[in-house]
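Have the sequence and the model open side by side, and let's work through a few exercises together.

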Amino acid sequence: MVYLIGIGVLVVSLCSFYILKQKGNISTLLKKDDEINQITMNKGITEDDLKKALERNEFTLFYQPKLHLRTFEITGAEALIRWEHPEKGLVPPNEFIPIAEATGMILPIGKWALHTACKQTKTWQNDGLSDMVISVNLSGGQLFQPNLADEIQNILQEVNLSPKYLELEVTESMMMDFELGIQALKELKRIGVQISLDDFGTGYSSLSYLKDLPIDKLKIDQSFVYNCTEDAKDETIVKTIIAMSHELDLGVVAEGVETKGHLLKLQNNLCDEAQGYFFSKPLPPEEFVSKFAEIQDHPHAFSLSKEVSREKEMERLILNAQNELTETVRQQQGMIFKFEKVGDRFIHTLCDGELLYKVGLIPEKVVGKELKDFLAYEDLQPKLSYYERAWSGEDHVTYEGNFGDVYYLASLRPVRKGGEVKAVIGSCVDITERKQIEKELLQSETTNRFVLDNVSDLVITLDPNDTIMYASPSVEKVLGYSVQDIIGDSIQNYIYFGLPHEEGESHLVFQDIDGGRVEVEVIFNSLISDKGQLEKKVLVGHLHSMIKSTI
């Protein structure tokens, strides 16, 4: 019998050892030396034994397949290590793992495992096997050793394996020092490999840190999977980890799947991948290949059908899309709302957006409510009439409104199904700034008009086509025409010889209401817009320079 262990189990405690070493805690390191001596004495295995095992190729890798839980295709495999001592026979893991941890032999053992797993994966690819991702567990000692990323990159280049086919598994325990841990993981991500967080839920990770870790997958610890069909709390933990992984855009893998019940529970909760003895025990390379098709076929008889799995996946995607839409609506600067008519009442079924919060409301105060529940009475009837018009099928009903000092422009559009209006979608944009500018312009225009109306000079403004837009009251005094009569008429009907060709001071001859000539010294100016286009022309004539004559 040969004992099987995971490479990743080989050093959890060494993580803290290497952190202490980087921080220079000498006294702690001295205590570690004492621990090494004690462990060696207790176990009867020395560092030299491990060195010889490595030199004599007594270690070998077995591979446990990972399957996609909807298609049951083998998407990858986890590399696991075996060791059988030539004299002692089977050595239990608790006999030699602490020695490997304490002496640092995990570093050359881990390097050998990485090289062997990558080489085997490339061989399978060359033989036509599917492009699987090979998972190799890192020990704490490996993770924090200098130049690990360069070492792995060299291995990948040597065996000609793309980094996307290598997944490095780290445990939560290695993240005890978050700053060092995230720095090490970022270095690994730099070379393009995938990273998964192993044994999730059993270590020291804080959820606040999880969002910052540069990882691709979470692996649900087998202790939760084992009891998820019997213990409601474990089932809840499994559901929560799966849902959280999807929300964080991470893949999720379940370990320790041993029964049909485990499989169905994970499928029903849309776990992405799984591994465990229900699918296959870890296998040597040759047996892994020979049983490849059998492993993929086996779960079909016990699992949800592909159709049901696809439906559940679609439900998840739709739910994710709805959540993303809700978040998008919430973050957009305006406001989006939706209402339906229930009896004779308009009930809001959706409302969100920055503008909603700006006017002092929240979705809970609008959704499920009528207009009267959050609008002032004097604003109620006009809004109801707009709602009724849209519900009656009128497209693009628009109106302006305000909540206090916040002004908005709303647009309503009916949503039809089978030719019948089933709902109305409304959108609002904030026009407060525009309203403020209009108010300022109005105040400015009023002030300017008051000034112009009370000056004695002749003031006329024209549009680009020489149509009179404004005329000061002095026009009636000088020319005899009523201001209201000439607004909208062409200036050419009231002058001889046309307008000046150039800006500045000029001589202009007007025709008064009696047909006489009125000669006026004027200043002629053109107003140009920001886009360089002519907006209006302005004529200002000084009455003291006026000369009247008759024809």
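Predicted model: local features only at pLDDT ≥ 70, side-chain atom pairs only at ≥ 80, totals over all residues.

Residues are numbered from 1 along each chain as its sequence is written, and side-chain values use heavy atoms, with hydrogens and water left out.

**Exercise 1.** Find which elements have the lowest and the highest mean pLDDT.

*Solution.* 
- Start with the term: pLDDT is the predictor's confidence in each residue, from 0 to 100.
- For the protein, the mean is 83, and 82% of residues reach 70 or more.
- Next, the elements: helices (H or I, at least four residues) and strands (E, at least two) are DSSP runs, numbered from the N terminus. The protein has 20 helices and 22 strands.
- Take care with residues 1-32, where the pLDDT is below 50.

**Exercise 2.** Decide whether Ile152 is buried or exposed, and list its contacts beyond close sequence neighbours.

*Solution.* 
- Locate the residue: Ile152 lies in helix H7.
- Apply the cut-offs: buried means under 20% relative accessible area, exposed over 50%, and partly exposed in between (1.4 Å probe, protein chains only).
- Ile152 has a relative accessible area of 1%, so this residue is buried.
- Contact means heavy atoms within 4.5 Å. Leaving aside neighbours within four places in sequence, Ile152 touches Leu114, Leu166, Leu168, Leu188 and Ile191.
- For Leu166, 14 residues away along the chain, the C-alpha separation from Ile152 is 9.8 Å.

**Exercise 3.** Classify the aromatic pairs Phe346–Trp391 and Tyr496–Phe497.

*Solution.* 
- The rule: rings of Phe, Tyr and Trp (its six-membered ring) pair if their centres lie within 6.5 Å; planes under 30 degrees apart are stacked, over 60 edge-to-face, and the rest tilted. The whole structure holds 17 such pairs.
- Phe346 and Trp391 have ring centres 6.4 Å apart and planes at 65°, so they are edge-to-face.
- Phe346 sits in strand S12 (residues 345-352) and Trp391 in helix H17 (residues 377-391), 45 residues apart. Both Phe346 and Trp391 are buried.
- Tyr496 and Phe497 are tilted, at 6.0 Å centre to centre and 45° between planes.
- Phe497 counts as exposed because its relative accessibility is 67%.
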